[in-house]
Amino acid sequence: MFDLAGLAQGFGIAFTSVNLLWAFIGALLGTAVGVLPGLGPAATIALLLPVSMKMGSPVTAIILMSGIFYGAMYGGSTTSILLNIPGEAASVVTCMDGHQMARKGRAGAALGIAAIGSFVAGTVGVIGLSAVAPPLASFALRFGPPEYFSLTVVGLLLATYLAGDQPLRGFIMAVLGLILGCIGLDPLSGAVRFAFGVPDLMSNLDFVTLAMGLFGVGEILVSLEEGSAASILTTTVKNVFPTLADLARSGWAMVRGSVIGFFVGILPGGGAVLSSLVSYAVEKRVSKHPEEFGQGAIEGVAGPEAANNSAASASFIPLLTLGIPGNASTAMIFAALLIHGVTPGPFLIKEHPDVFWGVVASMYIGNVMLLVLNLPLVGMWAKLLKVPYAFLAPMIMVLTLVGVFSVGNSVFDIWVMLALGVLGYLARKLAFDLGPLLLAFVLGPIMERSLRQSLLMSGGRPGIFLARPISATLLAAAALFLAFGAWSGRRRRRQAAPA
């Protein structure tokens, strides 16, 4: 279960002055990113990828980025409660009851219970990460190329189907991501693919350029178009600490949300959004007063907020132990690890124990920092919402341009980023989720390499994927998931059809 020696080593690393400073900066930035509508953790991490390349230690870089990721889960509740605008996608569910509490003059209690629930769930998620990751990494040592191919297939399917209500759109974005991942030189044969005679594309499409274009520029364009005309309900937020009655009523909701978020967060493509939806449905089902949900039920805030924070911690399990990112933000962290020469996967704990345990220990510390940042400083975060996005967007755009140029000192990368920014803007306008595209771009090369290695091992016979038990089990799970998705889609169409 717990590797106490490894955890002690991690705390020794995390408690150094440099790592404590960057953990605090990550938590602070993450909270601000969650508070400000239109700029999510994936976009922020993408903007900071060039900065991470200048950091000497991979531990410090990942501590910063992970702090931004789980910090955004905390901050997203602020705009959801005060403005009825989710600062982060995972906080959509919090709008339902959190904003109603604010309209009834209980914004402080809603913000307080969201912060406490986030702290409880974040701590539960990190404890689960400490306990589950080492044995899972040992089990993953049995994985060869066929198992990795099957695992990437399952990951892409889950990401495609769980990303939204329309799996076909997710599938289209996943295929586009696979195509973008194939641009450049073939890793085995050296053949040029999809370069169309452009020499700059022969060296493959850069992940930093792709991420900053789709998420950075795309978010800026959408946010500028939509504007931010919403105003805060109250100029001051009072009574942030919830009453004993509020804590008693929401205590079990936090526990259930933490457990739900942890198990859903482990699934590739599951993530914080799905876990918060599941938690809300469960709380409404078990409540003695389900009619209060949507009218300001405090359990409707505590459960989903706990679920999305627990899922954020749990999503590090497949990333660090299997090398499979489960969402857009962890895909960015995956890229940052590769930039620093650290390969996520079964050997990470053995080859880079300082990275694994240092990041895990920093998450314990980061949760305490976030509780301190969110309870006493709620008023400050509320004032941050008054800054017009028209002032923030130009500064973010300049940082994006400088960041992309600094990666390869190439003007061509800037043009590619701007083109991908337009693609990201159009995808958002047409309600296409960018998550499957980014995950397919990351997982595509792993899938292709594993497929080729497997076929070389078997002499070109595809039966190797069914001959190995783990691979066959994963492919069977993928087939069942496809069958269930087709059946449920057909059932929804029948129910929606007129009598």
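Modeller: Start with one term: contact means heavy atoms within 4.5 Å. Leaving aside neighbours within four places in sequence, E305 is in contact with M73, S77, S91, T94, A114 and S118. E305 itself lies in helix 12, residues 299-314. Helices (H or I, at least four residues) and strands (E, at least two) are DSSP runs, numbered from the N terminus. E305 is buried, at a relative accessible area of 0%. Buried means under 20% relative accessible area, exposed over 50%, partly exposed in between (1.4 Å probe, protein chains only).

A word on the source: this is a predicted model, where local features need pLDDT of at least 70, side-chain atom pairs count only at pLDDT 80 or more, and totals for chains, interfaces and linings use all residues. Residues are numbered from 1 along each chain as its sequence is written, and side-chain values use heavy atoms, with hydrogens and water left out.

Now the pairs. The whole structure holds 5 salt bridges, each a side-chain nitrogen of Lys or Arg within 4 Å of a carboxyl oxygen of Asp or Glu. One of them joins the side chains of E448 and R193, at 2.7 Å from N to O. E448 lies in helix 20 (residues 435-458) and R193 in strand 2, so this pair ties together parts 255 residues apart in sequence. Both partners are covered: E448 is buried at 19%, and R193 is buried at 17%.

E448 has another partner. Its side chain also meets that of R452 in a salt bridge, at 3.6 Å from N to O. R452 is partly exposed, with a relative accessible area of 27%. Together, R193, E448 and R452 are linked in a network of salt bridges.

Elsewhere, the side chains of E283 and R256 meet in a salt bridge, at 2.9 Å from N to O. E283 belongs to helix 11 (residues 271-286) and R256 to helix 10 (residues 244-266), so the pair ties together parts 27 residues apart in sequence. E283 counts as buried, at 2% relative accessibility. R256 is partly exposed, at 30%.

Last, the setting. The protein has 22 helices and 2 strands. Of its 499 residues, 55% count as buried. Among contacts with a separation of 6 or more, 78% come from residues 24 or more positions apart.
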